[in-house]
Amino acid sequence: MKATKADVASVLFPAIYRRQVLVLLLLHPGRKLHVREISRLTGTTAGTMNKELTRLHEAGLLDRERVGNQVHYSANRSHPIYPELAGILRKTVGIADVLIEAIAPIVDEVELSFIYGSVARGSETAGSDVDLLVVGSVDFGAAVDALHGVEKRLGREVNPKVYTQREWNSKRKAGDSFVTEILKGPKILLVGEIDEPRKPGRNKS
Amino acid sequence: MSLENLVGISLEKVTPSKQTVSRLLEAASRHISDAKVEQVSMETRFGSAYTAIRMLADAGLHAHGYRTLASRPGHHQTAIQTLSHTFGLESAALIRLDALRRQRNVAEYEGDTVPRSALVECIRQAEVLSAVATNWLKANRPDLH
């Protein structure tokens, strides 16, 4: 098992339901959901979820609002740690989590992978693609096939850039403007390390 | 969805002609050959292979009596999606073709570089599609081939 950012998530948020509900509400600010919807989306019982939601509300992280005979929950965006917490979630269990799972079947052929562009910057709009860099021996078609399945779940298209290790290294060395720009910009790391690609030199193709 | 349902939305009707089908098929072959020229950039080679795919998709529509409304946004996407109706492509192939269309968009409009992997896949898909188109025409519309 390769060390990924998902491991950080399970250390920081060991309670899986709490993690799920935080992603659901904090990464979709403005979204108001009632208990039964939340439990359906996270695959929990309403009773378990209700306890979780009550605690998060008491801690001030969620707003609660009564609408008719339903109780709606949403992110409390004015909480002092909201921006940081949402940032941590985005970089750990949010999109990254889903993508790590998606690339698991091809991960042995991947040396380095990270999200760049608007999603990594946190400036994505409703129509933004997820820009994903993949360095390794995996072929483009196989990467597309692996990623296609999660597009519906993410509500976004995933656009992979697949480089071989050699191609990536030579572009880096040559100061290619596209590569320089994505290396300078914000990234969400999924596999490998930026400065030391895993098993350097293995991939000579 | 049927092709007829898209008339006026993203397609219009045309009268199929053997000349047009042949012209598109021949142009697609030239584009595939050009995509293999090592002396030019990855982006140019990729663009050429992608154009071949689009021409083959257009040939499929033409053989059925349609063409895309080029004035509408997304006419490349339409041409690719209709391949399931025109040449009977499986959704697995459409997924890869559509991914290539998106690679082409970021290369063309945002100046992204094209990795070799995308070029290799684009040429492979163009060659497969070329064979599929030829076989389909032979079997279903020999009068147009």
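Q: How many helices and strands are there in chain B?
A: In this predicted model, chain B has six helices and two strands. Along the sequence they come in the pattern β-α-α-β-α-α-α-α.

Q: What share of the residues of chain B count as buried?
A: A residue is called buried if 20 or more other C-beta atoms lie within 10 Å of its own, and 41% of the 145 residues of chain B count as buried.

Q: Why are β6 and β7 of chain A said to stand at the edges?
A: Let's start with the sheet: it is open, with four strands in the order β6-β5-β4-β7 (chain A) and mixed pairing. β6 (158–163) and β7 (188–191) of chain A each have a single partner strand, so one side of each is left without a neighbour in the sheet. On average, neighbouring strands of this sheet are turned by 20 degrees against each other, direction ignored.

Q: How do you know that β4 and β5 of chain A pair?
A: Pairing needs at least two bridges, and six bridges join β4 (residues 110–116) of chain A to β5 (residues 130–136) of chain A, so the two strands pair. They run antiparallel, and A:Ile115 stands opposite A:Leu132 in β5(A).

Methods. Residues are numbered from 1 along each chain as its sequence is written. Chains are lettered from A and ligands numbered from 1 in the order in which they are written. This is a predicted model: local features need pLDDT of at least 70, side-chain atom pairs count only at pLDDT 80 or more; totals for chains, interfaces and linings use all residues. A residue is buried if 20 or more other C-beta atoms lie within 10 Å of its own, exposed if 12 or fewer, and partly exposed in between; C-beta atoms are placed from the backbone. Axes are lines fitted to C-alpha atoms, for helices over the stretch in contact, and angles run from 0 to 180 degrees between N-to-C directions.
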